[in-house]
Amino acid sequence: MAEAPCLGAYVVHNRSSDGYTTSQWRLILGFLTPEGRDVRAELVAHVPYAVGDTVPVRYLPECPERVVPAGATFGIGLSAGLKGVAMLGLVYAGLSLMVMALGADWA
């Protein structure tokens, strides 16, 4: 964990081939690691921080330039996992009904 002051902030606009435009708020952060290493990192922010604000971040010690917001989760969450299991169950049930409807004999 680190409390990184925001040294700069800017917006990047991306336009897709179908005409939609998306924007990202990006921050330039600076902080010192416990070993005393001065780090500069870029972060796509979901909250509009301003220059001078303190941003709580997490990073791996071997790669402090790759920061994530302190509240970010990794991997899939419980909700996404349950949705995946439910979808697999529905696919299995649908295939089972199709096999029964066709009268397939698996013996």
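User: Which residues does Phe-31 touch, not counting residues up to four places away in sequence?

Analyst: This is a predicted model, and contact here requires heavy atoms within 4.5 Å. Leaving out residues up to four places away in sequence, the residues that Phe-31 touches are Ala-2, Glu-3, Ala-4, Arg-37, Asp-38, Val-39, Arg-40, Tyr-59, Pro-64 and Val-67.

User: Which element gives the largest share of the largest nonpolar core?

Analyst: The largest nonpolar core has 14 residues, and those touching the most other members are Leu-27, Leu-29, Phe-31, Leu-43, Val-55, Val-57 and Val-67. Two or more residues of this core come from each of β1 (2-15), β2 (21-32), β3 and β4 (54-60). The largest share, 4 residues, is given by β3.

User: Is Glu-42 buried, partly exposed or exposed?

Analyst: Glu-42 has its place in strand β3, which covers residues 38-45. Its relative accessible area is 38%. Buried would require under 20% and exposed over 50%, so the class of Glu-42 is partly exposed.

User: With which side chain does the side chain of Glu-42 make a polar contact of 3.0 Å?

Analyst: Beyond its neighbours within four places in sequence, Glu-42 is in contact with Tyr-10, Arg-26, Leu-27, Ile-28 and Val-67. The side chain of Arg-26 makes a polar contact with that of Glu-42 at 3.3 Å. The polar contact of 3.0 Å joins the side chain of Glu-42 to that of Tyr-10.

User: How far apart in space are Glu-42 and Ala-9, C-alpha to C-alpha?

Analyst: In sequence, Glu-42 and Ala-9 are 33 residues apart. In space, their C-alpha to C-alpha distance is 9.3 Å.

User: What is the relative accessible area of Leu-95?

Analyst: Leu-95 is found in helix α1, residues 78-102. Together with Val-91, Met-98 and Leu-102, Leu-95 forms a nonpolar patch on the surface, with about 420 Å² of accessible area for the four together. Leu-95 itself is classed as partly exposed, because its relative accessible area is 46%.

User: What pattern does the protein chain follow when read along the sequence?

Analyst: The protein chain contains 1 helix and 5 strands. Read along the sequence, their pattern is β-β-β-β-β-α.

User: What percentage of the accessible surface of the protein chain belongs to carbon and sulfur atoms?

Analyst: Of the 107 residues of the protein chain, 18% count as buried. The accessible surface of the protein chain comes to about 8000 Å². The part belonging to carbon and sulfur atoms is 65%.

Technical notes
Residues numbered from 1 in each chain as written. Predicted model: local features only at pLDDT ≥ 70, side-chain atom pairs only at ≥ 80, totals over all residues. Heavy atoms only, no water. Patch = residues over 30% accessible without salt bridge, like charges linked within 9 Å, V, L, I, M, F, W, Y side chains within 5 Å. Areas by Shrake-Rupley, 256 points an atom, 1.4 Å probe, with all protein chains shown as cover. Salt bridge = Lys/Arg side-chain N within 4 Å of Asp/Glu carboxyl O. Buried < 20%, exposed > 50% of the residue type's maximum accessible area, 1.4 Å probe, protein only. Polar contact = N/O pair within 3.5 Å; in protein donor to acceptor, adjacent residues only side chain to side chain. Core = buried A, V, L, I, M, F, W, Y, C linked by side-chain atoms within 4.5 Å.
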